[in-house]
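These are my notebook entries on a structure that I examined for the first time. I set down what I looked up, in the order in which I looked.

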Amino acid sequence: MTNDVLLQFSDITMQFGGVTALSEVTIDIRRGEILGLIGPNGAGKTTCFNVMTGVYKPTKGTVRFDGQDIVPLKRYEITLAGIARTFQNIRLFGNMTALENVMVGADARKASSVGGALLRTPRQRAEDKESRDRAMELLTFMGIADRAGDAARNLPYGYQRRLEIARALGTEPKLLCLDEPAAGFNPAEKQELNELILKIREQGYTVLLIEHDMSVVMNVSDRVAVLDFGRKIAEGLPADVRANPDVIAAYLGVPDAS
Amino acid sequence: MRDWLLYRTFWDLTITGLALGSIYSLVALGYTLVYGVLRLINFAHSEIFMVGTFGALMASQEFLGIPMLEDGGYPYRTGFMLIVFLMFILLCAMVFSGLGAVALERVAYKLRGNGDLFGAVVLAFLTGFVVSMVFVDDTLANVIVAAILTAPITMGYMSLFRRGKQSPRLAFLISAIGASTAIAEAMAIWGPEKREQYQTPRILEKDVLFTFLGADVRVDNLIVIVGALLMMVALTLFVNKSRLGRGVRAVAQDAETARILGVNVDMIILVTFALGGVMAGGAAMLFTLVYEQSRFNIGFILGVKSFTAAVLGGIGNLKGALLGGLILGLVENYASAIFGGQWKDVVAFVVLLVVLMFRPTGLLGESLGRARV
Amino acid sequence: MNPVVRSLRQVGASLAGAKAGLSARWHAMGPSQRLSAYVLGVLALYLAPWWTEIPLLGSIVDTPGTQFTTVLSDRVIIFVLVALGLNVVVGLAGLLDLGYVGFYAVGAYTTAILTSSHASLPWLIALPISIVVSMVFGVILGAPTLRLRGDYLAIVTLGFGEIIRLSAKNAEWLGGSRGINDIKHPPSIGPLKFGVVDPKPYYWLGLTMVFVVMFLLHRLENSRVGRAWVAIREDEDAAELMGVDTFRFKLWAFAIGAAVGGLAGVQYAGKVGFINPDNFPLLLSILFLAAVVLGGSGNMHGAILGGILVSYLPERLRNFQDKRVFVFGVALVLVMVFRPEGLLPKRVGAKKAVAAPGEGGSQ
C-alpha cells in the first residue's frame, strides 16, 4: 500500500437550505487501502458518499479523483472515472436477473450502442459476450453464481447485498464505496463479509467503507475516519481511533456534570 | 399580427382575463392540494370540474325547473331570488364535484394494498356492468346484472386487496387516466345531452355595472372574480386555522411523521380531495355563469390549463395557484388577441413547457407543507 | 367463500394449469420443433384474411358490420405496430408518454405531404423519410423534457400530442381542418396491387412490418441498450450511478418509439389515402397506452396482445363500439388496481437453466 492518494476530499461543506450536513471535511483515500468511515447516526457519512459519487454537488470544497476534479462531472461520468458504490437500502434492478444486474455495470464501459445492437455487428456481439462473461465471473467471485438467472427481487437478503457489490465491481472501478454492507447480517455472515472485502482489496481495488458494526470496520480497515455532526473528529489506525476520547464521547456522550 | 389593441380593448381583455384566470385558479387549487399531500398529479381532477358544471347546469334546468326561455326572453331573476338561486346552483356544483372527488379517491387512488370496501364495491359494480355491457345493449339490464354481481365480486376483490402489494407510482397515474376517460365517456353515454352541448338558462342579467379605465365591467365577470376570491380566502382560512387544515399541512410536509403523531392520514387525504373538489365545484358554477354551457369533454382542456396554472405558480403552493391562474388567464387573452383565437389553447401548453424547463418550481416555488401558504 | 368466487377461482386455476401444461410442452420441444411451430404460426397469420371461411373459428372471429380483413388492415395491424413502439418508451424505459399519437400523426402527415400536397414522391420514398422525420420529432420532444419527473413528463408529452394536432388543424399548408387527400398507395409488388378495394395486400405489408420491427426490437432488448432501458425504468438514479448515460438512452427510447409510431402512421396513410386532424385525437393516445398497459408492458408479446385486444374487441362486439372508450377507461383502472403488470407480464428469471457464458442472449 503506497502513500499515493487516489481520492482527495478537500474542505467539503455541504449545505441543504438551513442544514449543514458536512462542514469542512477533508479525507484522503490512499490507493489500495481500506478506509473505514464511522460516526453516529446522522453524522454525514452517506452524505460524503453522495458528494463523492456526484449525487450532490458540494456547497464548498473540491473532490479530486486520480488527479482529476470530478465535481463538475455528470454522475455516470464519475462512475466511468472509476468510483462505484452500493447503497444503504438496497437498490437493485428488481425485475432483472442477477446476471443482468451485473451486466448493466459491465456495460458501462462498452462503446456499442443502438446501431451496433440493431445490426449485431461483430464488435457488439463481442462486447455483449464480454459483459456476460465478466458478470458471471463477478457473481462467482461473490459466491452467488448459483442464482444468476433469478430475478433480483426474489433473491435472499444476503445474496442481494452481495449482488450490489458485484454490480458495482462490474463497472471496473478504482474505488469501491460500500454503504453499510453488513446491515442485517449475523456474525457468521459478517465474518464472511470481512473476508470478501479483503479479497476485493487483493484484487487491486481501493475500498471506502461505511459501517456501524465495529467488528467489521475495525477488523478490516487499514485506517478509520470518524465523523460527528458533519465534521471529521478523528482519523488514523483503528486501534488509535478506538481509544480516542473525542470518538468515545461522540458515540456515548459526555458524562453529566452532576 | 393584428393591429395592436386599443387602450379600451386592453382593459376589456384584462377584466375578462382576470375572470377566466380566477376559474383556472380555483381548479388549480385542486391539483396543488392533492400534489401537496400525495406528490401525485390527479389527472382526473379535470373530470371532477366537468361533473361540477353538469351539477350546476342540472341545478337550474332540472332541479329548479327554469326553462331556457320565458315569455319570449331570458328567464331573468333579480334581487333576493337571484341570490338564492345562485347559491343553490353553487351548492349543487360543489356537491357534485365534492362527492366525485371523494369517490375518485376511494376508487382510483386507494391502490395501496389496504383493502377499502367502498372502492371494492364501486370497482365490483363497474366490473359487472362492463362485462354485462359487452353482451347486452340495454343499460337497465346492465345495471341489474351489475348489482347482482357486485356482492360476490366485491368479496373477491377484497381478498385480492388483502394480498397487499404496493403499487408503483406509474400505476396511480395510469389509473387516474383511466378514471378520467371513463368519467368523461360515462357523461357522454348516459349524461343529459350525450355528446352535445348542454346549455343553461340565463337567470342573471349581464348588465355592465360600471366602466373601469374605459373597459366595461360586466356583472358576471365581477361575480366570478369576487366569488373566486372569496372561495380562496375561505380555503386559506380553513387550511391555516382549522384542525383538519393543520392536518393537511402536516401530511403535506411529512406524512410519516404526521401518522406517528396520530394524524389519520387516510382521512386527511380524503379531506384534501374533497377540498379540491369543492373548489372545482365553485369554479364550475362560475364557469357556467359566464359561458352558459358545458360538454362532456370540456374537462381535458381546462384541466391542462389549470394544471399549467398550478405549476406556473408553484405546485403545492396555494397562493401560487391563485397567481398562476390569474397570469395564465391574462396571457391567454392577450395572446389570442395578438395571434388569433385558434392558437389560444396552444398558449397553455407552451407556457407549461417553458415553466417546466426553466423554472420547474414555479414562480412562488414553495410547497404546501411549509408554513408559508 | 361464495359459489361465484369459488367457480371463478376454479376456472382461473384450470386456465393456469393449461397454460403451465402448454408452457412445459413448449420448453420440452427441441429447437427444430419450435421452429416448425413458429413457421406454422406465421403462416396462419398471413392466412388470417381467410379465417372467416373456417366453419367454427370463422363465426367466432368474424366482425359484424365491418369486413374482417379491413379490420385487420386498418385497425389491428396499426395498433400492433403502435403498441410495439410505445412499449419501448413506456414498457421498457418506463417513460410515460401520453402524446404518442403525435408521432403517429407526424408519420402520416409527412407521407401525405411528400406524396400528395407538396410533392409527388412515391410512397416507397416517403416511407423512410417519414420515419426519419418522426425520429427527429422524438428527439425534439425528448431533449428538453426528459429530465422531467414521470408525472410531469406525462403531461408535457400530452401537450405535445395536442400541439401536433392543433398545428395540423390550424396550418393551411398541412391541409387545415380538411386534411390531405390523394395520398399515394404502396407500389405493386408482383401480383399484389395496393388499390382501394382489396385490403389484403395492406394487411400483409403491415404484418411483414410487424415481424421486421419485432426482429429489430428483439435485438435491441437483448443488448446493452435494452438492459440500460430496463435499468432506467427500475431505478433511474441507481442506473446512472452504475455508469448508464440515462439521458442518452432515454432519448434513444423516444427516438425508436417515435420511429415505429411514424411507421404506423405511414402504413395508415398509405392505406386510407386521406387524413385530417380528427384522425389523431388525444383519445387515440389513451387507447395506445391502454394497449400497452393492458397487454403487459415491458413485454413485446404483451404489447401485441394488448394492441389486438384494443383494436379488435370493439369491432367484434358491436355493443362495445360506442362504449369502448368507457370500457377501456374502466379496464385501465381495474388493471392498475389488481394487476399493474398487465395480462402477459414479462417473466423475469425463467425456470430454465442459466445460459452458460458464451451462449448468445436468446429469450
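**Entry 1: two helices of chain C.** I looked up how helix α8 (residues 200–221) of chain C and helix α11 (residues 246–272) of chain C pack, and found an angle of about 175° with the axes 11 Å apart. Axes are lines fitted to C-alpha atoms, for helices over the stretch in contact, and angles run from 0 to 180 degrees between N-to-C directions. α8(C) and α11(C) are therefore roughly antiparallel to each other (under 35 degrees counts as roughly parallel, over 145 as roughly antiparallel, 65 to 115 as roughly perpendicular and the rest as oblique). Helices (H or I, at least four residues) and strands (E, at least two) are DSSP runs, numbered from the N terminus.

I then looked up the residues that meet, contact being heavy atoms within 4.5 Å. On the α8(C) side they include C:Y202, C:M209 and C:L220, and on the α11(C) side they include C:I256, C:L263 and C:K271. The residues of this contact divide into 9 nonpolar, 3 polar and 1 charged (Ala, Val, Leu, Ile, Met, Phe, Trp, Tyr, Cys and Pro count as nonpolar, Asp, Glu, Lys and Arg as charged, and the others, Gly among them, as polar).

**Entry 2: basis of the values.** I note that the model is predicted, that local features need pLDDT of at least 70 and side-chain atom pairs pLDDT 80 or more, and that totals for chains, interfaces and linings use all residues. Residues are numbered from 1 along each chain as its sequence is written, chains are lettered from A and ligands numbered from 1 in the order in which they are written, and side-chain values use heavy atoms, with hydrogens and water left out.

**Entry 3: a sheet in chain A.** I traced an open sheet of 6 strands in the order β6-β7-β8-β3-β9-β10 (chain A), with mixed pairing; two strands pair if DSSP finds at least two bridges between them. Its edge strands are β6 (83–85) and β10 (231–236) of chain A. Strand β9 (residues 223–228) of chain A pairs with β10(A) in the antiparallel sense over 5 bridges. Helix α6 (residues 157–170) of chain A packs on the sheet, touches β6 and β7 of chain A, and makes about 160° with the direction of β7(A).

**Entry 4: chains in contact.** Which chains share the most contacts? Of the 2 pairs of chains in contact, I found that this is chains B and C. There, 46 residues of chain C are in contact with 57 residues of chain B. About 4600 Å² is buried between them, of which carbon and sulfur atoms give 78%; buried area is the accessible area (1.4 Å probe) that two parts lose on being put together, summed over both. C:Y152, C:F326 and C:F338 supply 15% of the area that chain C buries against chain B.

Chain C and chain A bury about 3400 Å² between them, 62% of it on carbon and sulfur atoms. Chain A and chain B do not touch.

**Entry 5: salt bridges.** I counted a side-chain nitrogen of Lys or Arg within 4 Å of a carboxyl oxygen of Asp or Glu as a salt bridge. Chain C and chain B have 0 salt bridges between them, whereas the interface of chain C and chain A has 6. C:D237 forms a salt bridge with A:R75, with the closest N and O atoms 3.5 Å apart. Within chain A, A:D66 and A:R31 meet in a salt bridge (2.7 Å, N to O); these residues are 35 residues apart.
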